[in-house]
Amino acid sequence: MPTQALSTQAKPIFDLIRWFPTLTNKITCTRLFDDISENTLRNLLSHSRIAATKKGNVIVQQGDTVDFLYFIIEGHIRILRANPEGGEITNNLLQDGETFM
């Protein structure tokens, strides 16, 4: 199953919200958004996008400039860091409901 995260790419979230009926529950259950008002949540979602990615795809690379916050709806993201030998080390594993930039 592909990992899905909010981003600034893909279709507007309101075009897809009917396919993700639990999205607002997942967002408001996180510490970052647990006391968000319904109006603020609607405003946030109106400026958001849903994007899906497949296992192994790079979402953001170390050193990239990122102008938005990703919210993981479903799946998990491995945060990798390059090691001195040229390989990769898993720095963190983020799952449903977590955010990253």
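Thr30 is found in the loop between α2 (23-28) and α3 (38-46); helices (H or I, at least four residues) and strands (E, at least two) are DSSP runs, numbered from the N terminus. Thr30 is buried, at a relative accessible area of 10%. Buried means under 20% relative accessible area, exposed over 50%, and partly exposed in between (1.4 Å probe, protein chains only). This is a predicted model, in which local features need pLDDT of at least 70, side-chain atom pairs count only at pLDDT 80 or more, and totals for chains, interfaces and linings use all residues. Residues are numbered from 1 along each chain as its sequence is written, and side-chain values use heavy atoms, with hydrogens and water left out.

**Overall architecture**

- The protein chain has 3 helices and 6 strands.
- From the N terminus on, their order is β-α-α-α-β-β-β-β-β.
- Of the 101 residues in the protein chain, 27% are buried.
- Contact means heavy atoms within 4.5 Å. Among contacts in the protein chain with a separation of 6 or more, 61% are between residues 24 or more positions apart.
- The protein chain has an accessible surface of about 7,300 Å², and carbon and sulfur atoms hold 49% of that surface. Accessible areas come from the Shrake-Rupley method with a 1.4 Å probe; for residues, only the protein chains shown count as cover.

**Confidence**

- pLDDT is the predictor's confidence in each residue, from 0 to 100. Its mean over the protein chain is 75, and 78% of the residues reach 70 or more.
- Confidence is lowest in strand β1 (residues 3-12), with a mean of 44, and highest in β5, at 87.
- Residues 1-15 have pLDDT below 50, yet this stretch has 61 contacts in the model beyond near neighbours in sequence.

- Strand β4 (residues 76-82) pairs with strand β5 (residues 88-95) in the antiparallel sense, over 7 bridges. Two strands pair if DSSP finds at least two bridges between them.
- Leu80 has Thr90 in β5 as its bridge partner.
- Arg81 stands opposite Ile89 in β5.
- The hairpin leaves 5 residues between β4 and β5. In the turn, Gly86 has a positive phi of about 95°.
- In a regular strand, side chains alternate between the two faces of the sheet.

**Thr30 and Phe71**

- Thr30 is in contact with Phe71 and Gly97, leaving aside neighbours within four places in sequence.
- Phe71 lies in strand β3.
- Phe71 is buried, with a relative accessible area of 3%.
- Phe71 and Asp96 are 25 residues apart in sequence; their C-alpha atoms are 8.1 Å apart in space.

- Leu69 sits in the loop between β2 (49-53) and β3 (70-74).
- Leu69 counts as partly exposed because its relative accessibility is 34%.
- Leu32, Leu69 and Met101 make a nonpolar surface patch of about 310 Å². Patches are made of residues with over 30% relative accessible area and no salt bridge; like charges are joined within 9 Å, and nonpolar side chains (Val, Leu, Ile, Met, Phe, Trp, Tyr) within 5 Å. A salt bridge is a side-chain nitrogen of Lys or Arg within 4 Å of a carboxyl oxygen of Asp or Glu.
- Asp67 is also placed in the loop between β2 and β3.
- Asp67 is exposed, with a relative accessible area of 70%.
- Asp67 and Met101 are 34 residues apart along the chain, with 7.9 Å between their C-alpha atoms.
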